[in-house]
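Please read the points below with the structure open beside them.

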Amino acid sequence: MRGPFSSTVPLPFPLLCILAILSLQGQPGACFSVSSFPSSSAMSKKVLVPIADGTEEIEAVCIIDTLRRAGAEVTVASVMEGRKQVKASRGVGLVADALISECVEGHTWDLIACPGGMPGAEHLRDCAPLVDLLKKQKAEGRIYAAVCASPAVVFEAHGLLEGEKATSYPAFQGKLSNLAEGRVVVSNKCVTSQGPGTSLEFALKLAEVLFGEKVAKKHEAAMLVQVV
């Protein structure tokens, strides 16, 4: 018997991931491990992706999946005190590699990328170790990024958008001091985007910033993404 997503036409892997997430939303016990695994290419860039209860799962998984494909060493860190498993915004369980407290001392991150979702973005905003890492990231001229609610709720709240243009989910754009047009906005070392529907574009732009346009285009084509 065919399942709900059975098809005689092959579906691209990212779409299958999103469909799987959507099919499990709200189901008790549904859980995805987003722990690290070896990439097919050299892991030359270190990326931190913080997650929390209420994180938007599509955004988080798009960032993690795309950057691992591109060759990044992605560490997923829970900001929830004492536990790696979080319940995302639509009820999907995500399991992190580490607690955020384990990602501070002795670590240098080429990129810190914050997914959105509510109240996930508020948990990121209120996490002192993460905020310290983000401020250090900006001060030292390394890349930091956010999507959906997080540019306004996390970055704007902590002065991380000072001197930067940014975008966010439309409902939060009024909180931005220097709103820019665009589904993905790059301003110096700060990259922001709007929401679940722009997550693959956002993740591919992060791949481009880290590894160059050629690598990003390669994975854009392989993933059958049509960037608007």
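1. A residue is called buried here when its relative accessible area is under 20%, and exposed when that area is over 50%. Cys 62, at 8% relative accessibility, therefore counts as buried. Across the chain, buried residues make up 50% of the 228 residues.

2. The model is a predicted one, and its confidence should be kept in view while reading the rest. The pLDDT averages 88 over the chain, and 81% of the residues score at least 70. Residues 1–11 have a pLDDT below 50, and this stretch has seven contacts in the model beyond near neighbours in sequence. Residues 36–43 also fall below 50, with 17 contacts counted in the same way. Where pLDDT is low, the predicted coordinates should not be read in detail.

3. As for the overall build, the chain has seven helices and 10 strands. Among contacts with a separation of 6 or more, 67% are between residues 24 or more positions apart.

4. The largest nonpolar core has 59 residues, of which Leu 67, Ile 100, Leu 111, Leu 134 and Phe 155 touch the most other members. Helix α2, residues 57–70, gives the most to this core, with six residues. Setting aside residues up to four places away in sequence, Leu 134 touches Ile 112, Cys 114, Tyr 144, Val 154, Phe 155 and Leu 160. As background, nonpolar side chains in soluble globular proteins tend to be buried together.

5. How many disulfides does a search of the whole structure find? The search finds zero. For Cys 190 the reason lies in distance, because its sulfur is 10.0 Å from the closest cysteine sulfur, that of Cys 114, which is too far for a bond.

6. Thr 192 sits in strand β10, which covers residues 190–193. Is this residue buried or exposed? Thr 192 is buried, because its relative accessible area is 0%. A polar atom of the Thr 192 side chain lies 3.0 Å from the backbone nitrogen of Thr 167. Not counting residues up to four places away in sequence, Thr 192 touches Ala 146, Pro 151, Ala 166, Thr 167, Arg 183, Val 184, Val 185 and Phe 202.

7. One of those partners of Thr 192, Phe 202, is among the buried residues of helix α6, together with Ser 199, Glu 201, Ala 203, Leu 204, Leu 206, Ala 207 and Leu 210. The helix runs over residues 199–211, and its 13 residues reach 18 Å from the first C-alpha to the last, close to the 18 Å expected at 1.5 Å a residue. Just after α6, Gly 212 takes a positive phi of about 105°.

8. Arg 142 deserves a separate look, being placed in the loop between α4 (128–139) and β8 (143–147). Its side chain reaches the backbone oxygen of Trp 109 at 3.0 Å, and a polar contact of 2.6 Å joins the side chains of Arg 142 and Glu 140. Leaving aside neighbours within four places in sequence, Arg 142 is in contact with Thr 108, Trp 109, Asp 110, Lys 136, Gln 137 and Lys 189. The C-alpha atoms of Arg 142 and Cys 190 are separated by 8.6 Å, although these residues are 48 residues apart along the chain.

Definitions and conventions
Residues are numbered from 1 along each chain as its sequence is written. This is a predicted model: local features need pLDDT of at least 70, side-chain atom pairs count only at pLDDT 80 or more; totals for chains, interfaces and linings use all residues. Side-chain values use heavy atoms; hydrogens and water are left out. Helices (H or I, at least four residues) and strands (E, at least two) are DSSP runs, numbered from the N terminus. The expected span of a helix is 1.5 Å times one less than its number of residues. Buried means under 20% relative accessible area, exposed over 50%, partly exposed in between (1.4 Å probe, protein chains only). A polar contact is a pair of N or O atoms within 3.5 Å; within protein, one must be able to donate a hydrogen and the other to accept it, and residues adjacent in sequence count only if both atoms are side-chain atoms. Contact means heavy atoms within 4.5 Å. A disulfide is a pair of cysteine sulfur atoms within 2.5 Å. A nonpolar core is a set of buried Ala, Val, Leu, Ile, Met, Phe, Trp, Tyr and Cys residues joined through side-chain atoms within 4.5 Å. pLDDT is the predictor's confidence in each residue, from 0 to 100.
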